[in-house]
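Hi,

Here is the structure I promised to pass on. My notes follow below it.

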Amino acid sequence: MSRVIAIAGKGGTGKTTTSALLIRFLKKSGKTPILAVDADPDSNLPEALGMSGDKTLSTVGSTRQEFFDTKGDVPAGMPKEAFLELKLSQALVESKSIDLLVMGRPEGSGCYCYINNVLRKHLDHLGNNYPFVIIDNEAGLEHLSRRTEQNIDTMVIVSDYSHNGLRAATRVKDLAEEMKLDIKSYNLIINNTPVSVSPQFQKEIEDTGINLLGFIPHDEQIPIFDIENKPVTDLPDTSPVVTAFKTIAEKLF
Ligand SMILES: Nc1ncnc2c1ncn2[C@@H]1O[C@H](COP(=O)(O)OP(=O)(O)OP(=O)(O)O)[C@@H](O)[C@H]1O
Ligand SMILES: [Mg+2]
C-alpha cells in the first residue's frame, strides 16, 4: 500500500519547497522509492529536485493532448489503451530512488473522458508501485475538483505567515470536505516564518482547526540556491529549513 501525500495551499506559500523538503527527508531516511508528481501546470518541482535535465521530456498533459489531436491513431495491431499507457509511461522520469511525473498542462476543450479514464487507471496502477507518492499541487482549489488526482491519504496545506495564507488553508480543507473527498488527515505547515510567531497568529492557527505540523523558518540560503539553480534537495543537513522539517516529518511518519 502506498501512502499518498498531497501538498496544497495559496500561491507562493512554499508548496514546491515543502514537497522537495519532504522528498529529501524520505530519501535520506531510506523510505524509497518515491513517486514525485508535479501537478502544477506551471511546473517547477523538477528544478527543486534537480531532475529537470531534459527540458524536452514529455508530460502527461502533452501525451494526452497528442493522443487527443491524433484521435488515438495507434500503430496497427496495437490496442488503443495499451498504446496510450505506453505513451504515458514514457512521461516518467526515473532516477535511483525518486521517479518524477510531470502532469503539465490541463486538458483543452472537448471530450477527454476516454483518455482521462485510462489516465486515472494508469496513475492508480503506477502509484501502487511506490510506498510514497508526493503530489505538489498548483495554487488554489482547482486541483481538488480535477478527477485525475489519486486518492489522498494525507493533505499537507502550506501557509505563509499571513491571515490570507491561513484563510486559503481553511478554504482548501472546507472544499475538500464539502466534496467528500476521501482524505484521511488534514495538516498545516507555516512556512517562511519570522524568528518569533505572535500569540495572535498562534491563536488564528488554532482557530483553523487544522492539525499543525510545525513552522519552517525563513532561510536566506533558499533564494541563493534558487538563483544559483541548485535544487532544494541539495540543502545541507545543517540548514535551518532542513532541521525544522525533520521535526515536522517526525509527526508525519
Ligand atoms: N522557508 C523559506 N525561506 C526562504 N525562501 C523561501 C522559503 N520557502 C520558500 N521560499 C521561496 O519562496 C518562493 C515560493 O516558494 P515555492 O515555489 O516553494 O512556493 P509555491 O507555493 O510552490 O508557489 P506556486 O504557488 O507558485 O507553486 C520561492 O522563490 C522559494 O525559493
Ligand atoms: Mg509550486
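Which residues does threonine 16 touch, not counting residues up to four places away in sequence? They are Asn44, Leu45, Ala48 and Asp136, where contact means heavy atoms within 4.5 Å. Threonine 16 lies in helix α1 (residues 15-28) and is buried, with a relative accessible area of 16%. Buried means under 20% relative accessible area, exposed over 50%, and partly exposed in between, using a 1.4 Å probe and protein chains only.

Some ground rules. This is a predicted model, in which local features need pLDDT of at least 70 and side-chain atom pairs count only at pLDDT 80 or more, while totals for chains, interfaces and linings use all residues. Residues are numbered from 1 along each chain as its sequence is written, chains are lettered from A and ligands numbered from 1 in the order in which they are written, and side-chain values use heavy atoms, leaving out hydrogens and water. Helices (H or I, at least four residues) and strands (E, at least two) are DSSP runs, numbered from the N terminus.

Now the sheet. An open, mixed sheet of eight strands runs in the order β3-β4-β2-β5-β1-β6-β7-β8; two strands pair if DSSP finds at least two bridges between them. At the edges sit β3 (92-94) and β8 (211-217), each pairing on one side only. From one strand to the next, the twist averages 20°. β6 (residues 154-159) and β7 (residues 185-193) are parallel partners over six bridges, and valine 156 stands opposite asparagine 187 in β7.

Helix α10 packs on this sheet too, touching β1, β6, β7 and β8. The axes of α1 and α10 (residues 240-252) come within 10 Å and cross at roughly 75°; axes are lines fitted to C-alpha atoms, for helices over the stretch in contact, and angles run from 0 to 180 degrees between N-to-C directions. The two helices are therefore roughly perpendicular, the term for 65 to 115 degrees (under 35 is roughly parallel, over 145 roughly antiparallel, the rest oblique).

The largest nonpolar core has 39 residues, and Leu35, Leu101, Met155, Ile157 and Leu188 have the most contacts inside it. Such a core is a set of buried Ala, Val, Leu, Ile, Met, Phe, Trp, Tyr and Cys residues joined through side-chain atoms within 4.5 Å. A second, separate core of 34 residues includes Ile7, Leu49, Met51 and Leu100.

Happy browsing!
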